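Hi there,

Here is the structure I promised to pass on to you. Have a look at it first, and then read my notes below.

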Amino acid sequence: MSIGDPTIFGNLPPPSGVQEEIARLLSEGKSNGYAHSMGVGAAREAVAASLSSPEFVVRADDVAITSGCSHAIMMAMDAVCREQGSVLVPSPGFSLYRTLCAYLNLKCTLYPLDASRNWEVNMDALEQVVTPDTRCIIVNNPSNPCGVSYSKEHLLQLLTFAEKHKLPIISDEVYAHMSFPGHEFHSMASLSTTVPILVCGGIAKRYMVPGWRVGWVVHCDRRNVFRNSGTLEALQRVSQTILGACTLMQAVVPYLLQRTPQSYHDRNMRVLMENAVAFVDGVKTAPGITAVMPSAAMYAMVKIEMEKFPKFPSEVEFAQGLLEEQQVFVLPGSCFTMPNSFRVVLCAPADVLADAAARIVKFCLQHYK
Ligand SMILES: *Cc1c(COP(=O)(O)O)cnc(C)c1O
């Protein structure tokens, strides 16, 4: 329950037929060479079509295929932040954003999410951390580690903020469409005609194949801000640094995006929701901790009242104790800049998660003072 890899337990397989498609592409022998550094044409077209709607058309030229969504985020940050400055990063948030800030010599400025309000951005706090040096804001929807997807209204609030401060948005949508039944998902880019947005996505989570390493960055820029400011050119330049993502795996993208039946996604989201319920219900009787029920993706955050567990100086030792005494492996909240909490991955089968929850209850009962 520590690493966000849905392949570990074998209960969330990739769409059926895709292995045969890879075998076919391989024996066809047309994917052995270099492709355009911005990606294989058919893959770019498939991604563009998947993001397009009647009101908002994405062209294949707007898409760069990358080596996973993490590479897409790196390219986006590199292209947008060509001058030194700071990047607004969600807290709690995916640790890669901080890693990339350090690598690209950018200042990482955290903005808080509100656990009591479905992990929405605290807009007042966000206003307080923006400065003339701010280069962009990273939004992660649906979110890792919070496991929520934002309402249209909240995304519009964020767009208003970006517009006001003239900030481009990097929208990490690697969990696009992975909201639980009854919950909505909106792509940031579909909601604005003015704010320049780089949408980062990939196949890792939605198709349960993180090892295949294919992602994309899409510039959604209806006012040509990126084009006129050199960001688009910078994006093309950074795409050339690795001579493009794996050509064979890029060739599989049209099959995944166009031939996967909706029932595949529906089943996965039903399973992940049932897993979330099994876990959250399972830890309800544990004293001193509170799990926040997620609405999307494959994670839940659990708050710890650390003062009730005097044996443990912080959630790091708490998580260590849980691993040593109960063999339950969770990540301490400090991995996501959220002390006094831990994150669980909800991909294990429901009975395994219920068993883990029972062990967490036992652990809390033992150490609660
Ligand atoms: C898993 C994850 C990624 C990375 O995706 P890859 O395609 O495996 O590189 C990016 N952002 C978030 C929030 C993630 O959880």
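Predicted model: local features only at pLDDT ≥ 70, side-chain atom pairs only at ≥ 80, totals over all residues.

A polar atom in the side chain of Tyr-175 lies 2.6 Å from a ligand oxygen. Arg-213 also uses its side chain, with an N or O atom 2.7 Å from an oxygen atom of the ligand. For Cys-69, it is a backbone N or O atom that lies 2.7 Å from an oxygen of the ligand. On its own the ligand has 390 Å² of accessible area, and the protein covers 93% of that.

Now turn to helix α9 (residues 247–259). Its 13 residues should span 18 Å at 1.5 Å a residue, and the end C-alpha atoms are 19 Å apart, so the two values agree.

How many of the 13 residues of α9 are buried? The count is 11, so the helix is largely enclosed by the rest of the structure. Among the buried ones are Thr-247, Met-249, Val-253 and Tyr-255. The cover over the buried residues of α9 includes the helices α1 (18–28) and α2 (41–51), along with the strands β1 (63–66) and β8 (215–220).

Enjoy exploring!

Best wishes

How values were computed:
Residues numbered from 1 in each chain as written. Heavy atoms only, no water. Polar contact = N/O pair within 3.5 Å; in protein donor to acceptor, adjacent residues only side chain to side chain. Areas by Shrake-Rupley, 256 points an atom, 1.4 Å probe, with all protein chains shown as cover. Helix = DSSP H or I, 4+ residues; strand = E, 2+ residues; numbered from the N terminus. Expected span 1.5 Å × (residues − 1). Buried < 20%, exposed > 50% of the residue type's maximum accessible area, 1.4 Å probe, protein only. Contact = heavy atoms within 4.5 Å.
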